[in-house]
Amino acid sequence: MKVFNNLTNQLENFETVQENIVTIYSCGPTVYDHSHIGHARSALTWDLLARYLRYKGYEVHWMRNITNVDDKIINRAKELNVSPDTLSREFTYEFWDDMKTLNVSWPDFEPRATDYIEEMIKFIEALIEKGFAYEAEGDVYFKVALHKHYGQLKKQSIEQLKEGVARVDENDKKEDQLDFALWKAFPDDPRTSFKSPWGYGRPGWHLECSTMIKSILETKFNVQTLDIHSGGDDLMFPHHENECAQSECLTGEALAKYWMHNGMVMVNGTKMSKSLNNFMTIKGALENFKPNTIRYFCFATHYKRQINFTNEALQSAENGFNKLFGQIKERLNYLKNEGVTFKAADLKESLKEQLDENLISEFEKFMDDDLSSPQALALLFENINDQSKHDTIIYLLSVLGFDLVNHESASQGNSKALDQAVKTLIEIRNEARANKDFATSDKIRDRLIDAGITVKDFRDKPSEWSFSS
């Protein structure tokens, strides 16, 4: 298996730090609002990675953090007149609900930042003792110039990075404008701050991830280096760069062997973002589209590439998955009635006599190539008309994390709305036919066909529609 490593900018053979064990850390949400489709793409991407590595036989330990202490949380809590802890817990629950609906695997570890404040303070004290950090009026900063590899993810030298930062960031407390905060003083607000040797304050965002990674790796695996650190490519600099710097200076070892980043979800050429108010929440999307549609929408483009979000793109994804689902539906229902369990590992055991090893080998060839899910999905489409391969396709869709059991019952709001819209068009078509307005009738029929919908007419009962095979 090969993965693209952003640290080296190369496609590399995947080799684990410890034999057959994979540790993955994914940057999780800052819980001050509902998560949007951009967050869904990141979560689905790293869910796919964890699922496929388990499929390959690795013992996978996936960590995904919850940032529950942050200025955005505090400011939003003030707006809503609730405590920051209440707000962060509410949106943590909402995030979990979104992940469950999207069939995202539960991470093996999900550390919350506020549970690691003591460890963060010790992390900072150790950096100060080693000469990599300094205190300034209650703040604590990391000395970037002392990390000899700083800029390794950004692929820029410290001098190049200074040119950009100096123009936009001026802070008289810093010894160097590229230095970043490990601890920020908030002495006037002890209700939303934490006591430290430097006074009341809050940890820096970069420090939170490094501390949680270090604590879990040391206590659970007795190592300092992750196999894979993942997240959106907007986090590569400065967030991941700063994580590297502070962790590697403290431990003397690489923070992660492989750095993997997913591309952004774009809206009209601009990154989907809460700050730009150009986002659709996951819950909003699920009002109109099924969970499998969102997974298909994300996987139909390679994880490293940007994808453009539109309702039309999601509708196309829904039509595409429904065509695939429609072909295997009969076999799927038979397996359900037989009591087959649809977890990938269970399916492999239940269907082992019927699985097509050649198709599986082709599937693995694409997925082993840096999770090339678009090619893997195209392969399944190419073989969908061969009923002898339906068991294998059902199995491989489960490997990709599609929830085949609940697909038809999921997101009923969308199903009802779509059903009503199609039935209205059919009624108009039937009226046109009765009035011998065949031009209108044929036009509606053609538009439905273009949308992937087939209509069956009957003499003694209303017309029925379905997605085309």
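My entries on this predicted model follow.

**Helix packing**

I looked at H9, residues 291–299, and H10, residues 311–337. Their axes come within 8 Å and cross at roughly 105°. H9 and H10 are therefore roughly perpendicular to each other. Next I listed the residues in contact. H9 contributes Asn292, Thr293, Tyr296 and Phe297. On the H10 side I found Ala313, Leu314, Ala317, Glu318, Gly320 and Phe321. I sorted the residues of this contact by type and got 6 nonpolar, 3 polar and 1 charged.

**Cysteines**

How many disulfides does the structure hold? I found 0. Cysteine 27 is buried, at 13% relative accessible area.

I repeated the check for cysteine 298. Its closest cysteine sulfur is in cysteine 27, 18 Å off, so that is also too far for a bond. Cysteine 298 is buried too, with a relative accessible area of 3%.

**Charged pairs**

I searched the whole structure and counted 26 salt bridges.

Which residue pairs with arginine 54? Aspartate 108 does, with the closest N and O atoms 2.9 Å apart. This pair links distant parts of the chain, 54 residues apart. Arginine 54 lies in H1 (residues 37–55), and aspartate 108 in the loop between H3 (84–101) and H4 (117–129). Arginine 54 is partly exposed at 33% relative accessibility. Aspartate 108 is partly exposed as well, at 38%.

Then I took lysine 271 and aspartate 234. Their side chains form a salt bridge at 3.1 Å, N to O. This one also links distant parts of the chain, 37 residues apart. Lysine 271 sits in strand S12 (residues 270–271), while aspartate 234 is in the loop between strand S9 (226–232) and helix H7 (236–251). I logged lysine 271 as partly exposed at 30%, and aspartate 234 as partly exposed at 34%.

Is glutamate 79 buried or exposed? At 63% relative accessibility, glutamate 79 is exposed. Arginine 76 is partly exposed at 21%.

Last, I recorded a network of salt bridges that links Glu94, Asp97, Asp98 and Lys283.

Terms used
Residues numbered from 1 in each chain as written. Predicted model: local features only at pLDDT ≥ 70, side-chain atom pairs only at ≥ 80, totals over all residues. Heavy atoms only, no water. Axes fitted to C-alpha atoms, helices over the stretch in contact; angles between N-to-C directions. Helix = DSSP H or I, 4+ residues; strand = E, 2+ residues; numbered from the N terminus. Parallel < 35°, antiparallel > 145°, perpendicular 65-115°, else oblique. Contact = heavy atoms within 4.5 Å. Nonpolar A, V, L, I, M, F, W, Y, C, P; charged D, E, K, R; others polar. Disulfide = S-S within 2.5 Å. Buried < 20%, exposed > 50% of the residue type's maximum accessible area, 1.4 Å probe, protein only. Salt bridge = Lys/Arg side-chain N within 4 Å of Asp/Glu carboxyl O.
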